[in-house]
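Here is a short briefing for a first look. Keep the sequence and the structure open as you read.

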Amino acid sequence: MPVEGLVAIGAGLAVGLAGIGSGIAEKDIGAAAVGAIAEDRSFFGQGLIFTVIPETIVIFGLVIAILLMFL
Amino acid sequence: MLFRRSAGAGNYAYATARVKARKAFLFPRDTYLKLLQMDVPEISRFIGESKYKEEIDELATKYSGIDLMEYALNLNLARDFGQIMSFCEGDLKLLIGSYLNRWDIWNIKSILRGKSFGASEEEIRETLVPAGSLSTQKLNDLIRKGTIADVVEGLAGTMFYKPLTSALDEYNRTHLLSAFENALDKAYYANLMAIKIAGTTADELFISFIKHEIDAVNLRTLFRLKRENVEHDKIMAYMIPGGSKFGMDDLRKLAQAPNYNEFVGMLKEYKLPEDMGPAIQKSQETGSLNSVEIALRKALIANGEKISHLYPLSVTPILGYIVRKNTEVNNLRIIARGKESHLSDEAIKSQLVI
């Protein structure tokens, strides 16, 4: 198999696994945020911010994928 | 752990976040002190402008004054617990539902008492708090039954049927409602102790809280009955098995104490909550068990509060909230009733659990 193929698989894994990881992390945070918003709407902004914090992990994965593909 | 928790065990993150948001709306301690300075109409207005507004507005056409406040508080409590039950799932729902069965017991006891003293349907209905598993419809059906035996029959298919039917014989002999009440309490705690779930540390804490409660209930019964010099065989019939510090052997030993003073002396061997010492002393000075019962309740609530902070994603924060909410409603009721009866601020304050 040419090296490019393995690099592409590596890049895919980096984004995919990072996505699964942040999904697991966001699951409980999102549920809790929706629960808090259901009781008090003023939690909306804070809840949204806390929910997307684990998204940063995907950005790391994406950075690795870009490094692999283009450098 | 992460995956097992999410595989249908319960929606812990969602439920605890909702309950914690609700907890933020509970009255702070200062509010009770502020309420003590007010008179009944002012208290009524204060509650009417708080989170109890909806219930006060709803019942305002039917009741007024202190009755309105009492019914609104009960209705709010029932709705609040009903909502908690509706958004809990899986094991969480099982645990909370079993705990909230206490309101079923409360309602069944009220109906039985009402039937035994010939109270009207409306009078019985007013004492009910439909926060348990029995629906309002079912409770209304039970209220319409003519006799105590019919009420018991009406509960066929629920967990209360078996203990009630076995207590029916004793009731027919003695005509004392304590036979039913005792059987219901025992069945309630036996049901809670028999819950079979995966069992995390937090769930164990929940069970330990129940065990503490059994201790508190048993001790309260012992204090009351020993003071009346009831025979030990009769006392033992009222003891609920499953306590943490006081096993059945300990309880038997305490029940066999020759008199009340010796019984109090024997209690020194056990590690009691801190406030109990002074409370027992005060009760011996005043001749009233009030201080002891309040100290027991305070210790239990403090325990509930403590465990509610230990495991954020578990049943304990919800249990802590239920205990706190119940205390709030009780305190408001005590203040309102006390003010109406023109009790002194000090007397009312001594009844509050703050």
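A residue counts as buried under 20% relative accessible area, as exposed over 50%, and as partly exposed in between. Ser350(B) has a relative accessible area of 35%, so it is partly exposed. The model is predicted.

**The largest pocket**

- The largest pocket holds about 1,600 Å³ of space.
- Its lining is made up of 47 residues.
- Nearest the centre of the pocket lie Arg102(B), Trp106(B), Lys109(B), Val217(B) and Arg220(B).
- Several helices of chain B supply at least two lining residues each: α6, α7 (90–116), α12 (178–193), α13 (201–227), α18 (290–308) and α19.
- Of the elements, α19(B) gives the most to this lining, with 9 residues.
- The lining divides by class into 24 nonpolar, 12 polar and 11 charged residues.

**The cavity**

- Rolling a probe the size of a water molecule over the atoms shows where empty space is left.
- The structure has 1 cavity of 30 Å³ or more.
- The volume of the largest cavity is about 30 Å³.
- Ile66(B), Met69(B), Glu70(B), Leu73(B), Arg333(B), Ala336(B) and Arg337(B) line the largest cavity.
- Two elements of chain B give two or more residues to that lining: α6 (65–87) and α19 (316–340).
- The most comes from α6(B), which gives 4 residues.
- In the cavity lining, 4 residues are nonpolar and 3 are charged, while none is polar.

**Helix α1 of chain A**

- Helix α1(A) runs over residues 3–39 and has 37 residues.
- From first C-alpha to last, α1(A) reaches 54 Å, close to the 54 Å expected at 1.5 Å a residue.
- There is a bend of about 30° in α1(A) at Glu26(A).
- Glu26(A) is also one of the buried residues of α1(A).
- Other buried residues of α1(A) include Ala11(A), Ala14(A), Ala18(A), Ser22(A), Gly30(A) and Ala33(A).
- Towards the end of α1(A), Gly35(A), Ala36(A), Ile37(A) and Glu39(A) are buried too.
- An α-helix has 3.6 residues a turn, so residues three or four places apart point the same way.
- Within chain A, the buried residues of α1(A) pack against α2 (44–52) and α3 (55–70).
- In chain B, they pack against α2 (12–23) and α6.

**Helix α2 of chain B**

- The 12 residues of α2(B) should span 16 Å at 1.5 Å a residue.
- The end C-alpha atoms of α2(B) are 16 Å apart, so the span agrees.
- Helix α2(B) is mostly covered, with 11 of its 12 residues buried.
- Among them are Tyr12(B), Tyr14(B), Thr16(B) and Val19(B).
- Charged side chains are buried here as well, including Arg18(B), Arg22(B) and Lys23(B).

**Loop residues of chain B**

- Where does Asn229(B) lie? Its place is the loop between α13 and α14 (232–238) of chain B.
- Phi of Asn229(B) is near 55°, a positive value in a residue other than glycine.
- Asn229(B) has 54% relative accessibility, over the 50% cut-off, and therefore counts as exposed.
- His342(B) sits in the loop between α19 and α20 of chain B.
- Phi of His342(B) is also positive, near 55°, and His342(B) is not a glycine.
- With a relative accessible area of 72%, His342(B) is exposed.
- Glu49(B) belongs to the loop between α4 (40–48) and α5 (53–59) of chain B.
- The relative accessible area of Glu49(B) is 62%, so this residue is exposed.
- Glu49(B) and Glu204(B) are 155 residues apart along the chain, and their C-alpha atoms are separated by 39 Å.

**Helix residues of chain B**

- Ser350(B) is part of helix α20 (residues 345–351).
- Ser350(B) and Ile195(B) are 155 residues apart in sequence and 37 Å apart in space, C-alpha to C-alpha.
- Asp30(B) is found in helix α3 (residues 29–36).
- Is Asp30(B) buried or exposed? Its relative accessible area is 57%, so Asp30(B) is exposed.

Note on methods. Residues are numbered from 1 along each chain as its sequence is written. Chains are lettered from A and ligands numbered from 1 in the order in which they are written. This is a predicted model: local features need pLDDT of at least 70, side-chain atom pairs count only at pLDDT 80 or more; totals for chains, interfaces and linings use all residues. Side-chain values use heavy atoms; hydrogens and water are left out. On a 1 Å grid over the protein atoms alone, a cavity is a set of points where a 1.4 Å probe fits but cannot get out, and a pocket is an open set with protein on both sides within 12 Å along at least five of seven lines; lining residues have an atom within 4 Å of a point. Grid points are joined across faces, edges and corners, and a volume is the space filled by probe spheres set on the points. The expected span of a helix is 1.5 Å times one less than its number of residues. The bend at a residue is the angle between axes fitted to the seven residues ending there and the seven starting there. Buried means under 20% relative accessible area, exposed over 50%, partly exposed in between (1.4 Å probe, protein chains only). Contact means heavy atoms within 4.5 Å.
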